[in-house]
Amino acid sequence: MDTFLENSLFRNIYCNLASASENCAARGYGDALLPDGLQWLAFTLTGVAIIGLVVNAILMGVLGFIWFERRVFARFQNRVGPNRWGPFGLLTPVADAIKTMFKEDVAPEDSDRFLYNLAPVLMVVPLLVVFAVIPFGIGTFVADLNVGILFILAVTTMSGLAIVMAAWASGNRLSIFSGLRAVALLISYEIPMALSILGVLMISGSLALGRIVESQNVPFILVQPMGFLVFFLASLAEMNRTPFDLTEAESELAAGYLNDYSSMKFGLFFLAEFMAALAGAAVITTLFLSGWRGWEPVPSQVWFFLKMGGVLFVIIWIRFTWPRLRIDQMLAFAWKGLFELTLVNLTLAAILIAVWPQPTTTQLWMMAAINWPVFFASIWIIGKVMGVRPHQIDRTAMGALYPVATDEPAPASEASEQ
Amino acid sequence: MTLENVLLLSAALFSIGIYGVMSRRSIITTLMSIELMFNAVVVAAIAFSRFTLPASLANVESPVQAAAVRLALTGHVFAVFIIAVAAAEVALGLAIVFALYRVRETTEITDAATMKN
Amino acid sequence: MGEPALSGLYEVSRVVDAAFWLFAALAIGGAVMVVTVKDVFKAAVFLAGSFLALAAIYFLLQAEFIGVVQILVYVGAVSILIAFAVMIIADVPGGSRPARGRIAAATAAALMMAALAFTTYNTNWTDIGQITDEDAIAGLVGVYYEDTSTSPYADAQGGTIRAADETTKDARSGALIDSTGAIGTLLIREFVLPFEILGLLLAAALIGGLALMLNPRTEDK
């Protein structure tokens with residue numbers, strides 16, 4: 001209850017509703033609206049009000065993000081982007097939503113209706129819950145859990161179950177294969193995502209996101225560059241965005257686990273993808289970019305949203321400049337590249353924390369100075385271990401496979417050797 | 001939310017698990033019922049850790065007594081071990097089911113009861 | 001002595017009780033559906049739902065770390081694994097029909113439930129609800145307050161209750177509130193041998209799973 005009342009929004013609503021509450025009286029609230037004995041009703045109403053506020057705020061944020069992405073998309077491709085609906089095209093996502101709602105809602109005959117309807121809901125709800133734990137400013141959070149970051153990791157693994165349900169409920173084998181591939185991708189990238197933040201947790205000494213932000217006198221992107229890189233790439237994979245969006249790319253897919261969804265159920269999956277991008281950006285801002293910390297006259301919430309906007313811009317930038325990876329390349333990258341980087345990061349962070357248990361600001365700068373050379377060295381080593389450089393591909397063998405047209409007949413024996 | 005109520009929940013889950021183990025024909029449903037029983041035990045362990053009072057709780061001056069206070073969380077440690085072992089067990093159980101299915105093309109338990117090679 | 005400021009949860013204990021009964025009903029309902037539904041995939045989904053309700057109950061019991069571990073391991077991994085297995089095996093075409101021993105199974109389950117319920121209600125638990133000693137309650141919920149003159153613990157063991165006023169955050173230093181660090185310390189100090197054996201067991205499970213699936217007689221791996 002004490003942490004509930006530290007939250008200023010909760011305190012304002014609850015203490016104005018509940019009377020005869022000693023905790024509220026100790027904080028200087030006098031009269032109240034509800035008669036005595038109804039504190040449980042005040043608690044419930046406060047909870048419902050805060051949930052309504054937060055969910056609406058997130059949905060407005062998603063609308064804004066959809067607009068932002070399409071404009072940035074367009075500017076990267078030297079176009080203008082949507083500018084018809086509303087000033088600067090700001091109402092375009094609203095038009096998208098209305099269009100999606102009016103489409104016909106067909107379902108495959110073979111599908112299991114209960115699971116078919118449940119899958120999009122199960123995809124969206126965990127992402128809403130992620131926003132409940134993130135501090136958007138000083139004292140601006142819904143619940144500062146003691147196990148905050150672990151809660152976020154746990155809840156994002158639930159989307160794998162939603163994908164399995166969607167794949168099965170669609171009823172055809174191709175959807176099942178596509179869904180299995182997507183879940184294999186998600187599970188493979190959960191491990192680097194969880195291990196990469198262990199360095200951050202060791203330095204800040206707590207799993208609670210409020211404590212992590214408070215302990216970032218130096219932003220952790222400077223102190224833990226390896227952790228940041230691995231977490232960023234693993235989050236991109238969890239969000240199913242390029243370069244990892246094989247499962248939903250329009251040009252690659254004959255049938256996917258989303259193919260049999262239409263109208264608002266597809267809209268919910270679409271919404272879940274954008275909400276995942278927002279949630280990932282918010283978590284990266286909190287963990288690595290020192291959250292709401294900034295300089296004084298600008299309020300902390302503004303700093304948080306500025307940093308989150310920056311991360312979102314980088315995510316959109318990556319989507320429209322990097323090519324897509326194949327599924328076996330993605331899995332090899334997770335298990336051979338990112339996983340080893342996290343182990344190196346973990347070892348280095350453990351050694352540094354053993355030397356400086358509760359680092360002050362200067363010690364954090366020293367940790368940063370040690371981390372960056374190790375970062376470059378490990379990327380170079382792992383790059384050597386993982387793959388062939390392009391100029392080392394044997395072109396003569398390829399020449400036998402794809403012969404240039406000459407007067408001689410094609411060497412059929414060499415071609416069949418390949 | 002007294003101790004008796006939580007233990008009643010644990011007992012109910014355990015009994016439902018027993019019913020599920022003994023009355024289904026598919027191996028996978030049996031595995032799921034075993035998972036239910038594991039969860040019932042974890043609920044009981046957590047409830048005991050939360051509701052029963054160790055004797056040396058109030059004095060937290062010396063490290064020995066701090067260790068005694070920490071031991072109130074033994075139920076949580078039990079829960080961690082049980083969850084880990086149950087997850088490993090269900091993974092191996094499913095691997096065995098796969099191997100069985102590859103050989104026999106069915107997962108009905110009454111058919112697999114014949115231990116012919 | 002005045003009224004001690006107990007943990008403020010007493011104000012909303014009715015909400016906590018109602019939430020507990022709601023999640024308990026969801027968990028038991030999910031479990032009943034698991035053992036009665038014919039379609040094995042739906043049974044797996046109901047199992048995941050039951051796990052989720054149990055995780056909520058762990059949060060209500062102030063076992064936050066275990067609640068999160070339950071979601072991470074059970075809902076996020078074991079449920080997906082069981083759903084995978086159901087999808088790949090394409091189980092018994094008519095679904096999972098109940099075997100012939102249904103009556104015997106129900107009898108056994110009912111007897112077990114009766115025995116456990118009888119034991120539960122007839123044992124004299126030292127329940128926190130029955131403890132009227134405010135020092136003990138303060139120790140359990142993590143708020144310490146200052147009045148050592150009338151505390152029996154101060155006399156019997158010669159120590160003192162740590163005093164903290166309402167405004168300092170030291171009131172939350174009780175090990176039972178923030179359990180993650182204490183669980184970690186227990187795993188490394190008092191329970192280090194089972195912890196290492198658990199690591200060995202997980203490695204054995206990993207190797208065993210791979211050995212079962214890599215069959216040299218067939219081509220698929």
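**Close-up views of a predicted model**

**View 1. Surroundings of A:Leu287 in the largest nonpolar core.** Leaving aside residues up to four places away in sequence, A:Leu287 touches A:Ile149, A:Ile197, A:Val200, A:Leu209, A:Ile212, A:Gln216, A:Phe220 and A:Phe231. The model shown here and in the views that follow is a predicted one. The largest nonpolar core has 182 residues, and of these A:Leu287, B:Ile28 and C:Ile66 are the ones that touch the most other members. Helix H3 of chain C, which covers residues 64-89, supplies the largest share of this core, with 16 residues. Apart from this core lies another, made of 11 residues, including A:Phe10, A:Tyr14, A:Ile50 and C:Val15.

**View 2. Buried residues of helix H2 in chain A.** Helix H2 of chain A spans residues 8-17, and its buried residues are A:Phe10, A:Tyr14, A:Cys15 and A:Leu17. When H2(A) is seen down its axis, these buried residues fall within an arc of 155°, and therefore they line one face of the helix. Two of the residues named here, A:Phe10 and A:Tyr14, are among the members of the 11-residue core that lies apart from the largest one.

**View 3. A nonpolar patch on the surface.** The residues A:Trp85, A:Leu91, A:Val94, A:Ile98, A:Met101, A:Phe102 and A:Met264 form a nonpolar patch on the surface, and together they have about 750 Å² of accessible area. Helix H5 of chain A, residues 92-101, contributes the largest share of the patch, namely 3 residues. A:Trp85, in turn, is located in the loop between helix H4 (39-76) and H5 of chain A. With a relative accessible area of 55%, A:Trp85 counts as exposed, because the cut-off for exposed residues is over 50%.

**View 4. C:Thr120 and its contacts.** C:Thr120 belongs to helix H4 of chain C, which runs over residues 102-122. Its relative accessible area is 6%, and C:Thr120 is therefore buried, the cut-off being under 20%. If residues up to four places away in sequence are not counted, C:Thr120 touches B:Glu4 and B:Leu7 of chain B as well as C:Trp125 of chain C.

**View 5. Chain B as a whole.** Chain B has 5 helices and 0 strands, and from the N terminus on its elements follow the order α-α-α-α-α. Of the 117 residues in chain B, 62% are buried. Among the contacts in chain B with a separation of 6 or more, 68% are between residues 24 or more positions apart. The accessible surface of chain B amounts to about 4300 Å², and carbon and sulfur atoms account for 70% of it.

How values were computed
Residues numbered from 1 in each chain as written. Chains lettered and ligands numbered in written order. Predicted model: local features only at pLDDT ≥ 70, side-chain atom pairs only at ≥ 80, totals over all residues. Heavy atoms only, no water. Buried < 20%, exposed > 50% of the residue type's maximum accessible area, 1.4 Å probe, protein only. Helix = DSSP H or I, 4+ residues; strand = E, 2+ residues; numbered from the N terminus. Arc of directions from axis to C-beta. Patch = residues over 30% accessible without salt bridge, like charges linked within 9 Å, V, L, I, M, F, W, Y side chains within 5 Å. Areas by Shrake-Rupley, 256 points an atom, 1.4 Å probe, with all protein chains shown as cover. Salt bridge = Lys/Arg side-chain N within 4 Å of Asp/Glu carboxyl O. Contact = heavy atoms within 4.5 Å. Core = buried A, V, L, I, M, F, W, Y, C linked by side-chain atoms within 4.5 Å.
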